[in-house]
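Subject: Handing over the structure

Dear colleague,

Please find the structure below, together with its sequence.

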Amino acid sequence: EGERAPDRQRERERDGEKCWLVRNPLAFRSSSAMSGVFIDAGVLGKRLEQIYRSWTDKAEGFKAGEGGAAADALAIATGKSTEDLRYMKSIALDIWLFAYELPETLLVLRKDRKVHVVTGKTKAKLIGATVADVKEKHGVEVIVHVRAKGTTGEDHFEEVLDAVAKSAGPDKVANLGWLPKDKHEGAFFEAWNQSVDKRAAGGKIAKCDASMGFAAILAVKSSDEQTNSKKAAFLSAQAMVKYVIPQLETIIDEEKNVKHSTLSSLVEDRILEPSKLEVRLKRDKVNACYAPIVQSGGKYDLKITAQSNDDVIKYDTIVVSLGARYASYCSNLGRTIIVDPTKEQEKQYAAVLKAQEAAMAALAPGNKMSEPFKAAVKSLQDSGQSALVSKFANKYVGFGMGLEFKESSSNLSEKNERLVEEGMVFCVSISLAGIENGDKSTGQPSAYAMQVTDTVLVRAKGAGAGGSSHEVLTDAPKQWKDVTYVLNEEEEEEE
């Protein structure tokens with residue numbers, strides 16, 4: 001089309017954590033962004049109640065290790081605002097509760113159904129407007145502490161920690177649940193951690209990892225959340241069907257020299273501008289989960305942190321993965337396009353599709369999260385492709401998705417004993433790398449990859465298509481005839 005790819009830096013490392021450099025539309029910037037913004041008191045109240053129920057009913061996720069002391073309070077802290085789209089549980093919880101990411105904000109939930117919020121004036125005003133309704137209709141008292149401009153909030157931190165200690169009971173070390181993997185920047189976040197660490201060093205407070213407890217809450221999606229996931233998956237599917245596949249067909253048919261990174265940027269541009277795909281979704285609610293990944297020519301990295309390199313696309317085995325976000329809910333989609341495939345590749349690909357179907361079939365409420373992995377392995381073996389079992393690029397065949405791109409506690413791995421529940425959303429992916437090419441006479445690389453990825457919603461038993469317990473949300477063709485192209489027509493006719 002003669003388009004020029006947007007010149008975007010892809011990602012960078014920060015404190016050992018990937019930060020995806022794409023537009024983050026839901027980060028709260030300043031009072032200038034206040035117009036039309038409000039926080040839904042009904043949603044906030046219901047979700048605070050949900051945290052309190054889970055805190056009681058699924059208490060193991062909020063304890064200091066197996067059989068340890070239960071948390072007396074739960075802390076969710078964020079740092080400075082950034083243009084980077086980062087996946088952290090604290091940010092996910094902000095969006096889940098308030099519909100926005102709230103930078104430099106502290107939430108501390110006490111067991112006695114009192115919630116302390118320390119934040120700046122603008123955000124305090126928005127949250128303050130919900131206080132009466134949340135208390136009256138949901139029985140949760142929200143106490144807002146307004147941090148003065150130019151201060152770190154340390155005086156409020158001390159007040160909140162005093163309240164936590166008092167609510168825990170006399171002569172008791174208060175147990176504070178927190179999110180140790182979340183690493184934010186800025187003086188506010190650092191001052192909060194210093195306040196907590198100072199009390200911990202003095203034996204007045206103890207910290208416990210509440211990540212698993214919060215993960216369990218976020219894993220099961222409400223009907224509204226499922227709708228957001230479906231819209232994200234629909235946008236991903238349209239990007240693949242209406243842009244990626246036609247572009248690759250043109251590149252192959254016209255023998256164009258297009259870089260992997262160039263196609264990646266053009267695909268991302270379509271995701272960020274849904275109207276270009278004839279998709280009627282609000283532009284300010286969509287985003288890319290990551291920069292789309294395009295790979296070919298024998299160089300394949302099937303990790304979720306992979307990047308498209310600047311090599312020209314080769315007409316062999318092309319692996320493409322992309323993910324769209326809607327209202328911050330993530331989706332993921334991956335397809336393998338094979339040019340002039342070998343007979344062995346056809347057999348292997350058929351086995352990959354069956355393995356993915358087997359993994360999806362095992363995503364039934366009440367099943368362990370290890371069962372999809374085991375089902376995929378057994379399927380490959382039953383298809384006569386046992387050699388492919390050793391080619392898994394990851395130690396899982398998928399993972400939970402939602403406000404976080406990858407909910408690591410919900411990995412579909414061999415040893416995950418957590419149970420699948422109705423309403424969970426998963427990325428289900430058979431990703432194989434380093435498959436040796438046994439036919440050296442072809443144009444295929446000496447080693448290639450295959451990846452088939454979809455976003456899947458867990459339904460009630462028997463509620464899915466054909467009586468299954470799942471619904472595939474990314475409706476993009478993946479049958480052999482849909483993903484293969486034959487350029488060498490003469491050889492095919494001779495065969």
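Leaving aside its neighbours within four places in sequence, which residues is Asn394 in contact with? They are Leu302, Lys303 and Ser431, where contact means that heavy atoms lie within 4.5 Å.

Before I go on, please keep in mind that this is a predicted model, in which local features need pLDDT of at least 70 and side-chain atom pairs count only at pLDDT 80 or more, while totals for chains, interfaces and linings use all residues. Residues are numbered from 1 along each chain as its sequence is written, and side-chain values use heavy atoms, with hydrogens and water left out.

To finish with Asn394, this residue is found in the loop between α11 (371-382) and β15 (398-400), and its relative accessibility of 11% means that it counts as buried (buried is under 20% relative accessible area, exposed is over 50%, and partly exposed is in between, with a 1.4 Å probe and protein chains only). Its side chain also makes a polar contact with the side chain of Lys303, at 3.5 Å; a polar contact is a pair of N or O atoms within 3.5 Å, where within protein one must be able to donate a hydrogen and the other to accept it, and residues adjacent in sequence count only if both atoms are side-chain atoms.

Turning to the whole protein, the secondary structure comes to 13 helices and 19 strands, which are DSSP runs numbered from the N terminus (helices are H or I with at least four residues, strands are E with at least two). The radius of gyration is 24 Å, close to the 23 Å that the globule rule gives for 495 residues, so the protein is as compact as a globular protein of that length; this radius is taken over C-alpha atoms, and the rule is 2.2 Å times the number of residues to the power 0.38. Along its principal axes the C-alpha trace spans about 85 × 45 × 40 Å, and buried residues make up 56% of the 495 residues. Among contacts between residues at least 6 apart in sequence, 74% join residues at least 24 apart.

Gly79 is buried, with a relative accessible area of 2%, and its contacts beyond four places in sequence include Pro103 and His184.

Arg335 has its place in strand β14 (residues 333-339) and is buried as well, with a relative accessible area of 1%. Its side chain reaches the backbone oxygen of Thr453 at 3.0 Å, and among the residues in contact with Arg335, leaving aside neighbours within four places in sequence, are Met240, Val319, Asp454 and Lys478.

Finally, two residues deserve a look at their backbone angles. Most residues other than glycine have a negative phi. Ala99, however, has a positive phi of about 75° although it is not a glycine; it is found in the loop between α2 (89-98) and β4 (106-110) and counts as partly exposed, at 42% relative accessibility. Arg113, in the loop between β4 and β5 (114-119), has a phi near 65°, which is also a positive value in a residue other than glycine, and at 28% relative accessibility Arg113 counts as partly exposed.
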